[in-house]
Amino acid sequence: NDIKKHTIKEDNYCKYDNEYLQLFTSSLYLAAIVSSFGASLTSKKFGRKITIQAASVFFVLGAILNTAANDIAMLIVGRLLLGAGVGFGNQAVPLFISEIAPARYRGGLNICFQLLITIGILCANVINYGTSNMHNGWRISLGGAAVPALILLIGSLLISETPTSLIERGQKEKGLEVLRQIRGVDNVEKEYEAILHATEMASQVNNSFKNLIQRSNRPQLVTSSILQVFQQFTGINVIMFYAPVLFQTIGFGSDAALLSAVVTGSVNVLSTLVANFTVDRFGRRFLLIEAAIQMLIAQTIVGIILAKYLKASNSMPDNYALAVVILICVFVSGFAWSWGPLGWLIPSEIFPLETRNAGFFVAVSTNMLFTFLIAQAFLTMLCHMRAGIFFFFAAWIIVMFLYAVFFLPETKGVPIDEMNERVWKKHWFWKRFFDQDGK
């Protein structure tokens with residue numbers, strides 16, 4: 001019986017199947033779902049700037065609580081506060097960028113949001129690696145979150161509110177002044193008129209959530225929500241959150257596992273940089289379709305190698321373990337220049353102003369819900385499905401490839417307030433949603 005217990009405990013696929021570890025990881029996403037609803041209301045009523053400031057305060061408080069934690073309850077409360085920061089930040093920052101960016105640079109500027117997230121992940125991996133053998137190193141590791149939170153707080157005090165948000169809240173003169181300031185020219189009449197028209201349309205809508213379910217808003221709602229589901233069902237969180245788990249599973253020691261996570265983190269940053277420079281040149285669809293093919297190949301080969309060579313209680317041969325590391329890097333690079341950043345960019349640019357906050361809230365909360373479900377279920381799925389988990393996600397990649405090919409319109413270079421006229425009403429499938437109510 002003792003031998004059996006030991007074997008079960010050391011099973012390569014099940015040794016991390018721990019509900020407390022999963023709950024600690026997942027609690028952040030539940031808080032983010034709830035808080036992003038609050039953030040959508042504050043963003044509309046008080047502006048994007050104050051919502052970003054609130055996000056930074058939640059991050060600072062969460063980091064302090066995690067650093068000082070004496071028990072699991074304090075850790076989880078700290079994690080919930082960080083989740084509130086994620087909800088407020090993810091709701092406001094992409095909208096802020098999409099509203100202030102010139103149309104021709106909007107993609108690249110918005111992807112800076114994702115680029116800095118990937119740099120944050122890399123920094124966290126490096127800090128984890130550096131503190132892994134220190135006494136109370138985990139406190140330094142968790143407390144490190146306060147540094148970017150303070151930078152965000154200072155930055156949010158220095159930025160201007162978006163012209164759209166100012167005009168929407170009745171501050172037309174200030175909105176015009178800020179628009180001239182951020183464009184660097186005095187002649188902004190055409191853009192100002194477009195924003196003015198959008199805000200007038202938006203002011204006729206009493207309840208943007210109710211308006212969101214109208215027929216003419218379904219194309220944007222379906223697309224933004226389904227992109228979030230697809231982003232999580234690429235399997236990226238499986239690979240990034242549990243990279244150390246995966247690398248330990250394939251035979252690296254715990255230090256080597258963290259080092260391997262730093263390698264994947266570096267690939268993530270460099271590849272997101274690729275997206276910065278290509279998204280406004282090649283367009284959104286090209287990157288999504290190319291990456292789906294790349295990720296499908298990498299994911300399938302990883303699944304085959306693990307199915308063949310990694311049994312419950314052996315380590316893999318070194319050359320195959322190295323092949324898995326390389327393939328994971330190929331997978332991460334594909335995700336980082338496509339489904340990762342574009343999952344946030346596209347929903348932030350496709351909604352008309354009257355449903356923009358509500359629509360983007362649905363996108364953020366859908367993302368967090370599915371991140372929560374994957375984070376909560378992954379270790380149990382890995383234990384039961386074993387290498388089959390990679391084929392499960394590979395099947396999803398085929399579905400998202402088909403969606404990008406047939407149902408996703410190109411939004412490159414189109415002004416944010418002209419999306420309906422120039423994109424949705426001209427798409428072979430989505431145009432039918434605008435026919436019946438004449439909108």
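Phe-406 has 43% relative accessibility, so it counts as partly exposed (buried is under 20% relative accessible area, exposed over 50%, partly exposed in between; 1.4 Å probe, protein chains only). The model is predicted: local features need pLDDT of at least 70, side-chain atom pairs count only at pLDDT 80 or more, and totals for chains, interfaces and linings use all residues. Residues are numbered from 1 along each chain as its sequence is written, and side-chain values use heavy atoms, leaving out hydrogens and water.

**Helix H20**
- Phe-406 lies in H20, residues 388-406 (helices are DSSP runs of H or I, at least four residues, numbered from the N terminus).
- Phe-401 is also placed in H20.
- Phe-401 is partly exposed, at 27% relative accessible area.
- Phe-401 touches Ile-289, Ala-292 and Ile-293, not counting residues up to four places away in sequence (contact means heavy atoms within 4.5 Å).

**Helix H4**
- H4 covers residues 72-100, 29 residues in total.
- Its first and last C-alpha atoms are 41 Å apart, close to the expected 42 Å (1.5 Å times one less than the number of residues).
- H4 has a kink of about 25°, centred on Gly-89 (the angle between axes fitted to the seven residues ending there and the seven starting there).
- In H4, 22 of the 29 residues are buried, so the helix is largely enclosed by the rest of the structure.

**Helix H18**
- 12 of the 12 residues of H18 are buried, so H18 is largely enclosed by the rest of the structure.
- Among them are Trp-339, Trp-344 and Glu-349.

Technical notes
Helix = DSSP H or I, 4+ residues; strand = E, 2+ residues; numbered from the N terminus.
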